[in-house]
Amino acid sequence: QSLVKKKRLGFHRRIAEVMEADFPSMCEAEPEIVAHHFLEAKEIESAMSYFERAGDRSLHRYAYAEAINQLMTVIELLEGLPESDERIHHEIQIRTRLGVPLQSIKGYGAPEVRANYGRAHELCQQLGSRHELFPVVYGLLRYYMLQAQYTKACDLGEELVRLASQAVDPGFTVAASRALGSPLVYLGRHAEARKHLETVLSVPPTPELRAQSYAYDVVDPW
């Protein structure tokens, strides 16, 4: 039985290797198939790479249900690897990309959204990673705002504004100002909200900035 299992692993590994060597266009178009064969061959690093490619491809096609399954598979595989800073960075990146499809499929206020961004936030704090923190805090803000917890959302919005000022990134400035302006409106603090929303309008929208904002929200901030 162990010999049969060993042969099966070898067959899957060989299929994946032949696909990589002789059918690169298929690997590009259907990375999930290559991922499956590497996974069955217990080639975890290669399987993760192809599941990640599949998840990104699904995101670009707005196939959010597929993206969730593929990116969650990457997270499950990461959990089986030895803990390291590299592994933690990788999980933060995957959870950040997972946020938008989860919001779209489950809803902004779904517990899965809170759990995903909450875990990413813990990992950012663990590493002291400030640049990766921005989209994570943004996702948490959206969760709390849609839960009508506007004071908590404002606190997170103020953190976003601080992060944006440190990064000197116009995309972060737009996202942070729009994010903080929204709960301020619902709290009736309109003068403060107007200041932040006018900051958004003061930055000319470009395709690059819009693409950056879509990485962590489905709404055009302008």
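## A buried arginine

Arg142 counts as buried because its relative accessibility is 7%, where buried means under 20% relative accessible area, exposed over 50%, and partly exposed in between (1.4 Å probe, protein chains only). This is a predicted model, in which local features need pLDDT of at least 70, side-chain atom pairs count only at pLDDT 80 or more, and totals for chains, interfaces and linings use all residues. Residues are numbered from 1 along each chain as its sequence is written, and side-chain values use heavy atoms, with hydrogens and water left out.

Arg142 belongs to helix H8, residues 133-146. Helices (H or I, at least four residues) and strands (E, at least two) are DSSP runs, numbered from the N terminus. With neighbours within four places in sequence left aside, the contacts of Arg142 are Gln103, Tyr108, Arg178, Asp217 and Val219; contact means heavy atoms within 4.5 Å.

## Overall architecture

The chain contains twelve helices and zero strands. Its C-alpha trace spans about 70 × 30 × 30 Å along the principal axes. Of contacts between residues at least 6 apart in sequence, 52% join residues at least 24 apart.

Of the 222 residues in the chain, 45% count as buried. The accessible surface of the chain is about 11,700 Å², and carbon and sulfur atoms account for 53% of that surface. Such areas come from the Shrake-Rupley method with a 1.4 Å probe; for residues, only the protein chains shown count as cover.

## The enclosed cavity

Grid points are joined across faces, edges and corners, and a volume is the space filled by probe spheres set on the points.

One cavity of 30 Å³ or more is found in the whole structure. The largest cavity holds about 50 Å³ of space, and its lining consists of Tyr138, Ala175, Arg178, Ser213, Tyr216, Asp217, Val219 and Pro221. Among these lining residues, Arg178, Asp217 and Val219 are also in contact with Arg142.

Helices H4 (44-60), H6 (85-106) and H12 (207-214) each contribute at least two lining residues, and H6 gives the most, with four. By class, the lining of the largest pocket has nine nonpolar, two polar and three charged residues.

The second largest pocket has a volume of about 150 Å³. Residues lining this pocket include Ile92, Gln93, Thr96, Arg97, His131 and Glu132. Helix H6 again gives the most to the lining, with four residues. The lining of the second largest pocket divides into five nonpolar, four polar and two charged residues.

## Cysteines

The structure has zero disulfides, a disulfide being a pair of cysteine sulfur atoms within 2.5 Å. Cys27 counts as buried because its relative accessibility is 5%. Cys154 is buried as well, with a relative accessible area of 3%.

Definitions and conventions:
Ala, Val, Leu, Ile, Met, Phe, Trp, Tyr, Cys and Pro count as nonpolar, Asp, Glu, Lys and Arg as charged, and the others, Gly among them, as polar. On a 1 Å grid over the protein atoms alone, a cavity is a set of points where a 1.4 Å probe fits but cannot get out, and a pocket is an open set with protein on both sides within 12 Å along at least five of seven lines; lining residues have an atom within 4 Å of a point.
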